[in-house]
Amino acid sequence: MSGFDFDYFVIGGGSGGVRSARIAAQHGARVGIAEERYWGGTCVNVGCVPKKLLAMAAHFSADFEDAAGFGWTVPGATHDWATLIARKDAEIGRLNGIYRKLLTGAGATMFDARAVLVDAHTIDVGGKRVTADRILVATGGWPVLPDKPGVREHAFTSNEAFHLERMPQRVVIVGGGYIAVEFAGIFHGLGAEVTLVHRGDMVLRGFDDDLRVHLATEIGKAGVNLRLGCQVEGIAKVGDALAVTLSNDEVIAADGVMYATGRKPNTAGLGLEAVGVAVDADGAITVDEHYRTSVPNIYALGDVTDRLNLTPVAIAEGHALADTLFGNKPRVPSYENVPTAVFSNPPIGTVGLTEAAAQQRYGEVDVYRAVFRPMRHTLSGREERTLMKLVVDPKTDRVLGCHMVGPDAPEIVQGLAIALTCGATKAQFDATIGIHPTAAEEFVTMRSKVERPASPGLAQ
């Protein structure tokens with residue numbers, strides 16, 4: 001037994017911090033963990049989980065349209081925002097309770113309070129000082145608003161979007177990342193008039209270019225108004241509405257403006273500077289490959305390090321760190337072939353390298369692509385299209401990337417992520433018998449290479 005109150009103290013009760021605390025406690029460490037806001041962090045409370053619940057709700061409007069083509073009559077379907085939010089809140093409350101049970105069941109001591117570093121081994125937790133041999137900072141990220149006229153006064157972020165008393169009927173969403181396109185689909189699917197404003201020339205920077213163009217085309221066809229290559233200059237209150245002025249001099253009338261232009265590491269006021277923990281210009285904690293900060297006994301992981309900001313990555317990092325420090329099983333997770341999803345409408349699933357990244361790393365690559373109307377839309381006549389794409393190294397035949405836009409894309413790509421992790425080749429994809437009739441079978445039946453150069457726009 002050391003002379004400290006705890007062997008391990010975790011600041012932040014989000015996905016990564018909770019996993020690390022729980023596994024460390026299961027290894028026999030004396031663990032304390034503090035969370036000032038809500039257990040489960042962004043993902044459970046104002047991120048992945050409630051976002052997908054809202055996205056699922058929004059998809060029903062299209063499902064009703066498809067249902068008519070199959071002989072169903074859905075008379076006068078209407079949606080009640082307040083009911084959705086109340087049901088969402090009940091589910092989040094249930095999950096909060098599960099997180100508490102996981103921690104207490106493992107033997108961790110929980111603190112519902114803000115934790116601030118005093119020195120390398122001392123933490124002030126809600127006015128009480130405790131000591132720990134090792135400390136983990138896992139406080140995640142926080143959305144930011146720009147300092148432009150009227151923005152901080154009138155706009156809301158994803159944090160507030162989940163708690164709006166009423167859904168605005170005319171919504172301007174500012175941003176082009178996954179949060180922006182997801183909420184564009186949510187509000188539009190629930191009946192709002194949506195305008196998406198993005199300063200870039202295409203949404204979803206960092207994703208495969210074919211996916212970016214395809215999704216923009218599909219959400220535009222569905223009725224989302226895209227304003228690319230411009231930005232908001234200011235927001236003003238005009239009567240009961242908002243006037244949103246764009247850099248192209250267009251003024252859009254709205255009932256709500258949502259900003260999804262980025263998040264920054266949640267490190268302000270944690271005492272990092274006083275203790276000597278190094279951070280970069282954006283406030284992200286600098287760590288080595290084993291999550292160690294500039295102070296040897298203090299660690300950081302997840303979004304607070306601003307590297308690969310995904311919940312499952314933070315969970316994997318937290319588990320690996322606990323195994324390393326207290327389980328005599330030193331390891332780090334692999335950051336290759338990390339799958340991810342965008343719960344837009346239609347959704348995206350992707351794993352591995354984009355075509356551009358594969359070309360940069362391997363030179364010339366082979367590309368296989370299929371575009372088709374999903375079977376569920378054939379009888380309703382809806383023109384939404386699915387895109388599937390494989391990127392292959394011609395020298396080794398190894399599949400480098402799998403990308404999809406369309407119904408069930410996240411579910412399908414999760415399975416393909418296993419194949420990429422195992423180093424599957426295109427020949428092995430081709431040798432796999434497809435399940436017919438499914439969309440997924442297209443991934444094992446694509447035989448014709450895309451001739452380059454070809455514009456991503458041809459994917460439509």
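Asp-408 lies in the loop between E21 and H12 (helices, H or I, of at least four residues and strands, E, of at least two are DSSP runs, numbered from the N terminus). Its phi is near 70°, a positive value in a residue other than glycine. The model is predicted: local features need pLDDT of at least 70, side-chain atom pairs count only at pLDDT 80 or more, and totals for chains, interfaces and linings use all residues. Residues are numbered from 1 along each chain as its sequence is written, and side-chain values use heavy atoms, with hydrogens and water left out.

**Backbone geometry**

- Most residues other than glycine have a negative phi, and most peptide bonds are trans.
- Asp-408 counts as partly exposed at 41% relative accessibility (buried means under 20% relative accessible area, exposed over 50%, partly exposed in between, with a 1.4 Å probe and protein chains only).
- Asp-397, in the loop between E20 and E21, has a phi near 70°, again positive in a residue other than glycine.
- Asp-397 is partly exposed, with a relative accessible area of 26%.
- The peptide bond from Asn-345 to Pro-346 is cis, with omega near 5°, and Pro-346 is found in the loop between E17 and E18.
- A cis peptide bond also runs from His-436 to Pro-437, with omega near -5°; Pro-437 is in the segment after helix H13 (426-431).

- An open sheet is formed by 5 strands in the order E17-E18-E21-E20-E19, with antiparallel pairing (two strands pair if DSSP finds at least two bridges between them).
- Strand E17 (340-342) and strand E19 (366-372) are at the edges with a single partner strand each, so one side of each has no neighbour in the sheet.
- From one strand to the next, the twist averages 10° (axes are lines fitted to C-alpha atoms, for helices over the stretch in contact, and angles run from 0 to 180 degrees between N-to-C directions).
- E19 and strand E20 (residues 386-392) pair in the antiparallel sense over 7 bridges, and Met-388 in E20 is the bridge partner of Ala-370.
- Helix H12 (residues 409-421) lies across E17, strand E18 (348-352) and strand E21 (399-405), at about 10° to E18.

**Parallel sheet**

- A second open sheet has 4 strands in the order E10-E9-E8-E14, and its pairing is parallel.
- Its edge strands are E10 (225-228) and E14 (256-259), each pairing on one side only.
- Neighbouring strands of this sheet are turned by 15° against each other on average, direction ignored.
- Strand E9 (residues 193-198) and E10 pair in the parallel sense over 4 bridges; the partner of Thr-195 in E10 is Asn-225.

**Helix packing**

- Helix H3 (residues 48-69) and helix H7 (residues 178-189) pack at an angle of about 45°, with their axes 8 Å apart.
- That angle makes H3 oblique to H7 (under 35 degrees counts as roughly parallel, over 145 as roughly antiparallel, 65 to 115 as roughly perpendicular and the rest as oblique).
- The contact is made by Lys-51, Leu-54, Ala-55, Ala-58 and Ser-61 of H3 and by Glu-182, Phe-183, Gly-185, Ile-186 and Gly-189 of H7 (contact means heavy atoms within 4.5 Å).

**Ala-236**

- Ala-236 is found in strand E11 (residues 232-238) and is partly exposed, with a relative accessible area of 36%.
- Leaving aside neighbours within four places in sequence, Ala-236 is in contact with His-154, Ala-241, Leu-242 and Ala-243.
- The C-alpha atoms of Ala-236 and Glu-317 are separated by 44 Å, and the two residues are 81 residues apart along the chain.
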